[in-house]
Each structure stands twice: as structure tokens, then as C-alpha cells.
Amino acid sequence: MMLETVAAVPGMVGGMLLHCKSLRRFEHSGGWIKTLLEEAENERMHLMTFMEVAKPKWYERALVFTVQGIFLNAYFLGYLLSPKFAHRMVGYLEEEAIHSYTEFLKELDKGNIDNVPAPAIAIDYWQLPPDSTLRDVVMVVRADEAHHRDVNHFASVIRSTYPKP
């Protein structure tokens with residue numbers, strides 16, 4: 001859950017900064033604003049889904065708020081300094097997320113974590129079958145993370161040819 005807390009920040013920050021750049025320069029973003037904002041929304045849904053599963057207590061929610069606040073400001077500054085580095089870093093964070101979800105699946109398969117029914121929010125968002133389980137949710141979330149990894153590594157390559165926001 002903590003990983004998902006910060007995961008939605010980069011897409012929102014990158015999308016916002018590119019949006020402002022596009023407005024200042026009267027230029028099209030080439031679809032990057034939409035791509036990054038969609039990534040942020042997708043990561044938000046990951047968090048919302050796992051909050052349904054984990055049922056965090058008030059102090060865990062406070063920790064989410066704190067971690068997001070710190071990471072948002074740090075990432076914002078990092079993106080201003082080097083969008084290329086910021087996207088590359090997110091690509092590596094997404095690789096770590098894939099590894100974490102792979103380990104989560106192993107624990108589910110061993111029976112160390114209960115394979116509970118999928119939350120309704122996940123079934124609706126990913127259009128999963130009604131009888132889906134937590135394992136099914138983790139599989140689609142891991143696939144999302146692989147897509148985000150690829151997008152951000154690609155963005156780090158093409159962003160190196162563009163001026164800073």
C-alpha cells in the first residue's frame with residue numbers, strides 16, 4: 001500500500017508540468033499530458049483497491065498523507081531539474097513494483113496471504129469477472145506496473161531531446 005501511495009504522484013506532476021509548458025508555448029504535448037494523467041489515475045485506483053483490502057487505520061492514512069506530501073515536493077523539484085532523470089527513476093520504481101507484486105503472488109500461492117474475493121472497486125475498474133480474487137487483482141496491477149515501467153523508460157529517452165518544462 002505504501003508503494004502505491006507515492007506511485008500516483010509522478011504522473012500527476014509530469015502531466016501538470018507538461019500541461020503548463022504546453023500552455024506557455026502554445027504547443028501540443030504529443031499526447032504526453034493525457035498519458036501521464038492516465039497513469040496517475042491508474043495508480044490512484046491501485047491505492048484505492050489495496051485500501052479496500054488492507055482497511056488502513058487512521059495512523060496509516062496519516063502516514064500516506066505525509067509520505068505523499070514529501071514525495072510530491074521532491075519529485076516536483078526533480079522533474080523541474082531533469083525530466084529525463086525523473087522518468088528514468090519512475091521506470092526503476094515501477095520495476096521494483098513489479099518485483100514486489102511478483103513476491104506478493106508467490107505468498108498468495110503458498111497460502112501465506114488469504115486469497116480473498118476481489119474488492120468491488122477492482123472488479124468495476126478492471127472489468128474483472130464477478131468471482132475474481134485478490135490474485136486476479138494483483139495480476140492486473142502487476143501488468144499495469146509493467147506498462148508504466150515501459151512508458152517511463154521510453155519517456156526518459158525521448159525527454160532528453162526536449163527542453164525542460
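Q: Is I70 buried or exposed?
A: I70 is exposed, because its relative accessible area is 58%. Exposed means over 50%, buried under 20% and partly exposed in between, with a 1.4 Å probe and protein chains only. This is a predicted model, where local features need pLDDT of at least 70 and side-chain atom pairs count only at pLDDT 80 or more, while totals for chains, interfaces and linings use all residues. Residues are numbered from 1 along each chain as its sequence is written, and side-chain values use heavy atoms, with hydrogens and water left out.

Q: Which element holds I70?
A: Helix α3. Helices are DSSP runs of H or I with at least four residues, strands are E runs of at least two, and both are numbered from the N terminus.

Q: How far is I70 from E4 in space?
A: 14 Å, C-alpha to C-alpha. In sequence I70 and E4 are 66 residues apart.

Q: What about Q68, and what does Q68 contact?
A: Q68 is in helix α3 too. Q68 counts as partly exposed because its relative accessibility is 28%. Leaving aside neighbours within four places in sequence, Q68 is in contact with T5 and L47. Contact means heavy atoms within 4.5 Å.

Q: What does UniProt say about residues 62-81?
A: The unreviewed UniProt entry annotates residues 62-81 as "transmembrane region". Positions follow the numbering used here, feature names are shortened, and annotations may be inferred rather than shown by experiment.

Q: How much helix is there over residues 62-81 in the model?
A: 100% helix and 0% strand. The end C-alpha atoms of that stretch are 29 Å apart.

Q: Switching to packing: which residues touch the most other members of the largest nonpolar core?
A: V13, L18, W32, Y75 and Y79, out of 16 residues. A nonpolar core is a set of buried Ala, Val, Leu, Ile, Met, Phe, Trp, Tyr and Cys residues joined through side-chain atoms within 4.5 Å.

Q: Which elements give two or more residues to this core?
A: α1, α2 (32-54), α3 (58-81), α4 (83-110) and α6 (134-158). α1 gives the most, with five residues.

Q: What does Y75 touch?
A: Not counting residues up to four places away in sequence, Y75 touches V9, P10, V13, A86, H87, M89 and V90.

Q: Where do α3 and α4 meet?
A: F71, Y75, G78, Y79 and L81 in α3 meet P83, A86, H87, M89, V90 and L93 in α4.

Q: At what angle do the axes of α3 and α4 cross?
A: Roughly 130 degrees, and the axes come within 5 Å. Axes are lines fitted to C-alpha atoms, for helices over the stretch in contact, and angles run from 0 to 180 degrees between N-to-C directions. α3 and α4 are therefore oblique to each other. Under 35 degrees counts as roughly parallel, over 145 as roughly antiparallel, 65 to 115 as roughly perpendicular and the rest as oblique.

Q: What covers the buried residues of α4?
A: The cover includes α1, α2, α3 and α6. Among the buried residues of α4 are H87, E94 and Y101. T102, also in α4, is partly exposed at 23% relative accessible area.

Q: How many residues does α4 have, and what is its reach?
A: α4 has 28 residues and reaches 41 Å from first C-alpha to last, close to the 40 Å expected at 1.5 Å a residue. The expected span is 1.5 Å times one less than the number of residues.

Q: What comes just after α4?
A: G111, with a positive phi of about 90 degrees.
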